[in-house]
Structures are given as structure tokens and as C-alpha cells.
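Hello,

Here is the structure I promised to pass on. My notes follow below it.

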Amino acid sequence: MEPDCRLYLITPPVLPPEFPDLLAAALDAGDVACLQLRLKDALPDAIKRAVDALMPIAQARNVAFLLNDDAALAASLGCDGAHLGQGDGDHEAARKLLDGRTLGITCHASRHLAMQAGEVGADYVAFGAFFPTLTKETAHSADVELLAWWSEMFEIPSVAIGGITAVNCAPLVQAGADFLAVVGAVWSHPDGPAAGVRAMNAAIAAA
Ligand SMILES: Cc1ncc(COP(=O)(O)OP(=O)(O)O)c(N)n1
Ligand SMILES: Cc1nc(C(=O)O)sc1CCOP(=O)(O)O
Ligand SMILES: [Mg+2]
């Protein structure tokens, strides 16, 4: 049986040459619901090469493969979906482009943005940042009450993001987050990404 809350993995900002092997080991280490390819500032050609290399690794393990920022590219490359921020184009147009695929939308710490995302037909809403993060400069700070309110009021799954680790994630799980999205907790784990996935899975299960 799948747990109520699952791990949502996002790629590190820069992919080392051995990344396909690291990814396979991480995904083989435990439960990962989806992988988001997040290569900020990479050109479409480089993104296409990364999709070609990494999507089969994820999909062979039943892990959904989402592309960050670009719904049209996600659809044209055959990705399982896309994650869009508030500045990543027209969400209604993206919903049409991603017909039958997953659309996730960043809602920061805003109930209003989340309800708008729901009206557009988002498959999940993402809230953050819950904790300080070294991965990205963040301008918004979310709290567990927001997650609890959302899960009480709406059926659309929520994703929590921002500085989440095995040590601090329990309140987010208890508040009803459906997914925990992480970069550093897995890719910067001192014992390697596979240990990072195991630690996150164990922390979610124990919450
Ligand atoms: C699951 C998830 N949640 C939030 C984000 C952030 O998206 P965005 O606000 O568009 O910022 P960038 O990721 O584009 O820097 C995300 N990528 N994934
Ligand atoms: C990509 C991203 N978006 C955020 C937001 O708050 O919207 S925080 C973030 C970085 C997440 O990386 P880590 O798990 O290493 O903190
Ligand atoms: Mg974005």
C-alpha cells in the first residue's frame, strides 16, 4: 500500500556526469512518487538531452517525470507533466497543452493562488517555503496551518517544499501534506542520495 504522504524528488540545480547512475540508485532505494527535472537557465536542447537520459530511468520505476517551468516543452517531449510557477506562463493554456498529463502550480503561501490553481484544473498545488533553503532564494514563507486548512477544505493534493529534511518534516506530514518536495535532503545527504531517500521515507512513515 502506498503511504498517505509521498516523496517528490527534484533534480539538483546542476547535473554531474554520473547523475543517471545516482538517480537510478536513489529511485531504487525507496518510494518516490515523482521526479521533477529543474534545470534553471538551461537551453531547450540541453533540457531535451536531460529528458532523454533521465525520463526512462524514472518511468521504468513507475516514477512520474515532470518538467519544471515549460508546459509546451513538457508536452512535446512526452513528459508526464509540468510544474509551473506564477511567472511560468498562462496556466489555463498550460492546462490545455497538458491534457491528460499532470499540471502542478506553485502557490507560495497564498490561499487565493491555491484556489485559483484549483479552478484552472491543477493536479496539485505547491506551498512553500516551509524552512530556509540553500537551493533557491525564496521570497515567501508558508506554515503548517496553510497545509492543514487546504487538506481540510479541498481534495486537490498539496505539495510542501522548501528546506524540508528528514529531521523537520513530521509536522508537514501531520498537517496533511500529500507530497514533500526536496532537493538538498536527498542530493546533499552526507551518505549519498540513496540514503537520503531512505531517510525521508522513514521520517514520513514515522510522522
Ligand atoms: C513542487 C514544486 N514546488 C514549487 C516549485 C517552485 O516553482 P517556481 O516558483 O516556478 O520556482 P522555480 O522552481 O522555477 O525556481 C517547484 N519547482 N516545484
Ligand atoms: C525549487 C524551490 N521552490 C521553493 C518554493 O518555496 O517555492 S523552495 C525550492 C527549493 C527546494 O530545495 P530544498 O529541498 O533543497 O530546500
Ligand atoms: Mg518556475
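The shell around ligand 1 splits into five nonpolar, seven polar and five charged residues. Here Ala, Val, Leu, Ile, Met, Phe, Trp, Tyr, Cys and Pro count as nonpolar, Asp, Glu, Lys and Arg as charged, and the others, Gly among them, as polar. In total 17 residues surround ligand 1, and the closest are Gly85, Thr106, Ala126, Ile161 and Ala181. A residue is near the ligand if its C-beta atom, placed from the backbone, lies within 6 Å of it. Two or more shell residues come from each of β5 (102-106), β6 (124-128) and β7 (158-161). Helices (H or I, at least four residues) and strands (E, at least two) are DSSP runs, numbered from the N terminus.

This is a predicted model: local features need pLDDT of at least 70, side-chain atom pairs count only at pLDDT 80 or more, and totals for chains, interfaces and linings use all residues. Residues are numbered from 1 along each chain as its sequence is written, and chains are lettered from A and ligands numbered from 1 in the order in which they are written.

Now the fold. Eight strands form a closed barrel, β1-β2-β3-β4-β5-β6-β7-β8, with parallel pairing. Strands pair if DSSP finds at least two bridges between them. Strand β1 (residues 6-10) and strand β2 (residues 34-37) run parallel, joined by three bridges. Ile10 has Gln36 of β2 as its bridge partner.

Best wishes
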